Amino acid sequence: MRLMTKAATLLSATALCTVGSLGIGTATASAATPDAQASMVQGQVTLVQSSGGNYWHLVAAGGAGEAIWSQDPANGDPGDALRAYDGLADGLGIHAYLSDGRMASTAGHASPYYSPWVTGDLPEGNWYRMTVCTEKSGVDISCYYADVQA
């Protein structure tokens, strides 16, 4: 009887581990990333230094908007922060992504519009992939990416 109880306990623990690992995989897949069907092109990031702050700008397709990375706190803006900007009233929104999982969006707002800063402390000196996409109805259409530094 004792052997059957141990076997049942082992079987239950194995089932929980399997279900747990499936849950982890699902959570990882839901991180904020551009849509798989969107075209991806390496873009040109522009570093703008302003009053001691470093801002990295990555322009979207056709100049529709941009992703902005604030490297360090300056001018009242937070550091390690991402935002999106939509400058054209063309019916498209702008999604900005950082490879750590954060996302900023202008979707649903009339242009010109800056999204709020999306923040979170990152280790100084590390590099991250920033992506800017034009989007329509929540689906990314065309994306540009470049690397930025925290």
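How many helices and strands are there in the protein chain? The chain, which is a predicted model, holds one helix and 11 strands, where helices (H or I, at least four residues) and strands (E, at least two) are DSSP runs numbered from the N terminus. Read along the sequence, these elements follow the pattern α-β-β-β-β-β-β-β-β-β-β-β. Residues are numbered from 1 along each chain as its sequence is written, and side-chain values use heavy atoms, with hydrogens and water left out. Because the model is predicted, local features need pLDDT of at least 70 and side-chain atom pairs count only at pLDDT 80 or more, whereas totals for chains, interfaces and linings use all residues.

The confidence of the prediction was examined through pLDDT, the predictor's confidence in each residue, given from 0 to 100. The protein chain averages a pLDDT of 76, and 67% of the residues score at least 70. Over residues 1–30, however, pLDDT stays under 50, and for this stretch the model has zero contacts beyond four places in sequence, a contact being defined as heavy atoms within 4.5 Å. Where pLDDT is low, the predicted coordinates should not be read in detail.

For the chain as a whole, buried residues make up 35% of the 150 residues; a residue is termed buried under 20% relative accessible area, exposed over 50%, and partly exposed in between (1.4 Å probe, protein chains only). The accessible surface comes to about 8,400 Å², of which 60% belongs to carbon and sulfur atoms, with areas taken from the Shrake-Rupley method with a 1.4 Å probe and, for residues, only the protein chains shown counted as cover. Among the contacts with a separation of 6 or more, residues 24 or more positions apart account for 52%.

Two aromatic pairs are present in the structure. Rings of Phe, Tyr and Trp (its six-membered ring) are taken to pair if their centres lie within 6.5 Å, and planes under 30 degrees apart count as stacked, over 60 as edge-to-face and the rest as tilted. In one of the pairs, the rings of Trp56 and Trp127 have their centres 5.9 Å apart and their planes at 85°, so the arrangement is edge-to-face. This pair links distant parts of the chain, since Trp56 belongs to strand β3 (residues 53–59) and Trp127 to strand β10 (residues 127–136), 71 residues apart. Trp56 is buried, with a relative accessible area of 8%.

The bond is formed by Cys133 and Cys143, whose sulfur atoms are 2.1 Å apart, and with 110° about the S-S bond the link is right-handed.

Two residues of strand β6 were then considered. His95 is found in this strand, which spans residues 93–98, and is buried, with a relative accessible area of 6%. Not counting residues up to four places away in sequence, His95 touches a set of residues including Met103, Ala104, Thr131, Val132, Cys133 and Asp140. The side chains of His95 and Ser105 are joined by a polar contact of 3.4 Å, the term denoting a pair of N or O atoms within 3.5 Å, of which, within protein, one must be able to donate a hydrogen and the other to accept it, while residues adjacent in sequence count only if both atoms are side-chain atoms. Gly93, also found in strand β6, is buried at a relative accessible area of 4%. Its C-alpha atom is separated by 5.5 Å from that of Thr106, 13 residues apart along the chain, and among the residues that Gly93 touches are Asp86, Cys133 and Glu135.

Two loop residues complete the description. Arg102, placed in the loop between β6 and β7, is buried, with a relative accessible area of 8%. The side chain of Arg102 makes a polar contact of 2.8 Å with the side chain of Asp100, and a polar atom of the Arg102 side chain lies 2.5 Å from the backbone oxygen of Asp80. Pro112, in the loop between β7 (103–105) and β8 (113–114), counts as exposed at 60% relative accessibility. Leaving aside neighbours within four places in sequence, Pro112 is in contact with Tyr85 and Asp86.

Methods. Disulfide = S-S within 2.5 Å.
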